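Here is my note on the model you sent. Keep the structure open while you read the points.

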Amino acid sequence: MSSPLESLRSAGLHSVGQLDRSFILDIVSRAARFKAEPRPEPSLTGVEIAMLFLENSTRTRISFEVAAARLGARAFNFDADASSLAKGETLKDTVETIASFGCDAMVVRSPSAGAPQLISGWIGRPVINAGDGAHQHPTQALADVFTIAEAHESRGDFGRLRVGIIGDIVNSRVARSLIDAFEILGSEVVLIGPKTLMPSLGNDAIVSTSDNLDDHLATLDIVYLLRVQRERIDQGLIPSIGEYVSRFALSRERFTRLRPSALVMHPGPVFPGMEVDSMVADGTSSVIRRQAANGVFVRMALLETVLGGLVK
Amino acid sequence: MSSPLESLRSAGLHSVGQLDRSFILDIVSRAARFKAEPRPEPSLTGVEIAMLFLENSTRTRISFEVAAARLGARAFNFDADASSLAKGETLKDTVETIASFGCDAMVVRSPSAGAPQLISGWIGRPVINAGDGAHQHPTQALADVFTIAEAHESRGDFGRLRVGIIGDIVNSRVARSLIDAFEILGSEVVLIGPKTLMPSLGNDAIVSTSDNLDDHLATLDIVYLLRVQRERIDQGLIPSIGEYVSRFALSRERFTRLRPSALVMHPGPVFPGMEVDSMVADGTSSVIRRQAANGVFVRMALLETVLGGLVK
Amino acid sequence: MSSPLESLRSAGLHSVGQLDRSFILDIVSRAARFKAEPRPEPSLTGVEIAMLFLENSTRTRISFEVAAARLGARAFNFDADASSLAKGETLKDTVETIASFGCDAMVVRSPSAGAPQLISGWIGRPVINAGDGAHQHPTQALADVFTIAEAHESRGDFGRLRVGIIGDIVNSRVARSLIDAFEILGSEVVLIGPKTLMPSLGNDAIVSTSDNLDDHLATLDIVYLLRVQRERIDQGLIPSIGEYVSRFALSRERFTRLRPSALVMHPGPVFPGMEVDSMVADGTSSVIRRQAANGVFVRMALLETVLGGLVK
């Protein structure tokens, strides 16, 4: 089996499961160096990255664009709507045409699980997954791991951490990538949410599930709230917003029961009055904004790792 | 109270009222230098500017983009529709996420009066107002002042000028910024339009109002026509296009009654057959195209002034 | 009459008819050099190109953007929808405003035949036609000529070639540009398609027409399939997809009757099951992907030719 670095340089980053502990910690330490020196000498001058966003996500797209630009790479945007896909062209044809323009790598956001892997097979170049259906969002998880290493008092001793991931687990690509990352890093994970939004898990030593947030408040080091979309109500998976909020939202009252060192996290965007009280989201335990900021540094680290070998 | 330069470097440019005469004239002379040397040595290399356009305005956006690129700065575009705002995220959260990516300044176009000031308070970085509701559009006014300084025979002696601003004054952010600018520069301003489209003014020594354009044609040095939107008819504020045109459009006949040295101005885009006859708009007294061209140079001058201190 | 180079540098490239044989071959050989050295020392540093796409075409737009970026030029995008055109501004006003921002050239895609020529007249700067109505798409034809020179065993001996252009000829700007190019290069052209989709031609020595593809399969060196839009069925110009496919699609069976050296071409995007069998489109005789790739190199060659003189 190839090393994580070899697999990244040939195929790209599709899921956190490709990585190992030392690779993740290396990305974290490179990201930290970029944070200390956010506008470094460009190391990817002339490198070209095609951004194929088949789902709208301005924030993820711009985070990659900023990362690419700071390294001197050029990013080109292919949008979902503007592409010929809408007119019936196959994804394969679209992707191969884009690749034919000569990019060194592609960043892909897709509603379809597995699209990044499929695409890298088609084009024979590295593809970085910027979110694929309910499958994976690995750069979000890496940004989150970096943020925890930086902000939690455990200072990167992930084996000590108890992480609660709360909300719509079954539909969350962020949750899947986080579960993989914490498994690799040896943290304990508890998935908390309504049973209707919980995946069926195999036997796994480190992941447990619960439908009672209150049981866990006092023992969590990381309180990771996922977005819960209103569609879940229409789908009958949640009875009402009020019901969800009363059982799973991180209210001010629940916040008082957390450990003082606990970190409040959320991948954003935060919609008011759903997953987390806005004073809590803006409070000193919250690192939500820092997750977004760190996303740029992690993406710089990743792009440099994947593409660094290309520059003469 | 802080100087205009200090306030610009910390908070940005929200309204012309922040500026004083010497600052405006300094921007004008810097803009003139850029016009003589449009592609200077880049002075903002590595500087990052987030462009947040919550209203569509391709021309203003591109004008800023060109200005930023010529100085070596990088601009990143956040669009209204693409952002998570549409899904219910608060403006504050959107803006803070964008800021977390590390920009040095933001350029904001918003339908809400006061948004740029609010945003600069949130992010603690300079915000340049690219038009906020019916409040202000300061870079348009600076481009117009530069254009007058350059093109009118008074050669920057603004105290000699009589300026007519004609049209939908009450809904115009351009008018508000121009009134402030001409007040600072000591020009005489008369606001001309239907009473239904006129603001209620306090006691002001230099601004007067009129609903009769013909009374003023012979005495104006600057004939500044504002856009009048067809919605005003539906709102009952204008009886009909014909009625408006007959009383307030700069027709060819009215044009013949202007001073030979008078300049015809319009912030664009010009819609045919409404505010100004198209032969007049394209004629030698018109500086409409030059206003657009000068917008780039004024924005270069402003970006360099606000952000110049950042480059090592 | 001015030379092709003089006309390109002053007015831009509007149609293939402006060019002569030696100019086309020069573009092809420059494109080949860029293909060998795809990221050359930038020769257009500081040059500014306004991209005005009044029709959506992500692939053509990005192809020009990549070409411009590799030469060090800056491209700015003006979209159809975002522009003020939608609100009633005239095209002339839009274009002159864009030009006033200072671009050195414009790349224009328009639904209106003749728009690039009109626009270059208005702005007095070179305009490169990126497709105008059913008129011309010259950079596509140049990419195709380069691809044939590179991939066909005739190695650039165009006088030896018999080219079949198949499909909706009358509505195709690609066909018009190709016919011009092959006429200049001395190839023999046969236009093949339903009579309802065939143009009325003048007396022309080298172009013939046919409504029977099977008659020509054995003699074609180049099998150039055009896109056929489903609207043609609604318009009554084609009875049905099945009927069209049975008579004009390049099926696997028909493919077996081609010369071994024949090249299969298509300007893209290819919609499955219409003009060409997908195994044929992906087969070794197909150069469809290479046409797209070569589009970037031809556009680099063209931009450098048109704009190279501008850099100090």
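1. Start with a term. A helix axis is a line fitted to C-alpha atoms over the stretch in contact, and angles run from 0 to 180 degrees between N-to-C directions. Two packed helices are described by the angle between their axes and the distance between the axes. Keep in mind that this is a predicted model.

2. Now apply the term to chain B. Take helix α2 (residues 21-36) of chain B and helix α6 (residues 138-151) of chain B. Their axes come within 10 Å and cross at roughly 70°. Angles of 65 to 115 degrees count as roughly perpendicular, so α2(B) and α6(B) are roughly perpendicular to each other.

3. Which residues meet where α2(B) and α6(B) touch? From α2(B) come B:Ile24, B:Ile27, B:Val28, B:Ala31 and B:Ala32. Facing them in α6(B) are B:Leu142, B:Val145, B:Phe146, B:Ala149 and B:Glu150. By class, this contact has nine nonpolar residues, no polar ones and one charged.

4. Next, the sheet in chain B. Strands of a sheet pair through backbone hydrogen bonds, either parallel or antiparallel. Here five strands form an open sheet, in the order β7-β6-β5-β8-β9 (chain B), and the pairing is parallel. From one strand to the next, the twist averages 20°.

5. Look at one pair in that sheet. Strand β5 (residues 162-166) and strand β8 (residues 222-225), both of chain B, pair in the parallel sense over four bridges. One bridge links B:Ile166 to B:Leu225 in β8(B).

6. Turn to chain A. How is chain A divided into domains? Domain 1 covers 4-136 + 293-310, and domain 2 covers 139-291. The centres of the two domains of chain A, taken over C-alpha atoms, are 26 Å apart. Their contact takes 26 residues from domain 1 of chain A and 22 residues from domain 2 of chain A. On the domain 1 side, α2 (21-36), β4 (127-132) and α12 (288-307) of chain A each give two or more residues. That side divides into 13 nonpolar, eight polar and five charged residues.

7. Last, the two chains together. In this contact, 19 residues of chain A touch 19 residues of chain B. On the chain A side, α3 (58-70) and α12 of chain A give two or more residues each. The largest share, seven residues, comes from α3(A). By class, the chain A side has eleven nonpolar, four polar and four charged residues.

How values were computed:
Residues numbered from 1 in each chain as written. Chains lettered and ligands numbered in written order. Predicted model: local features only at pLDDT ≥ 70, side-chain atom pairs only at ≥ 80, totals over all residues. Domains from an automatic or database assignment. Contact = placed C-beta atoms within 7 Å. Nonpolar A, V, L, I, M, F, W, Y, C, P; charged D, E, K, R; others polar. Pairing = 2+ DSSP bridges. Parallel < 35°, antiparallel > 145°, perpendicular 65-115°, else oblique.
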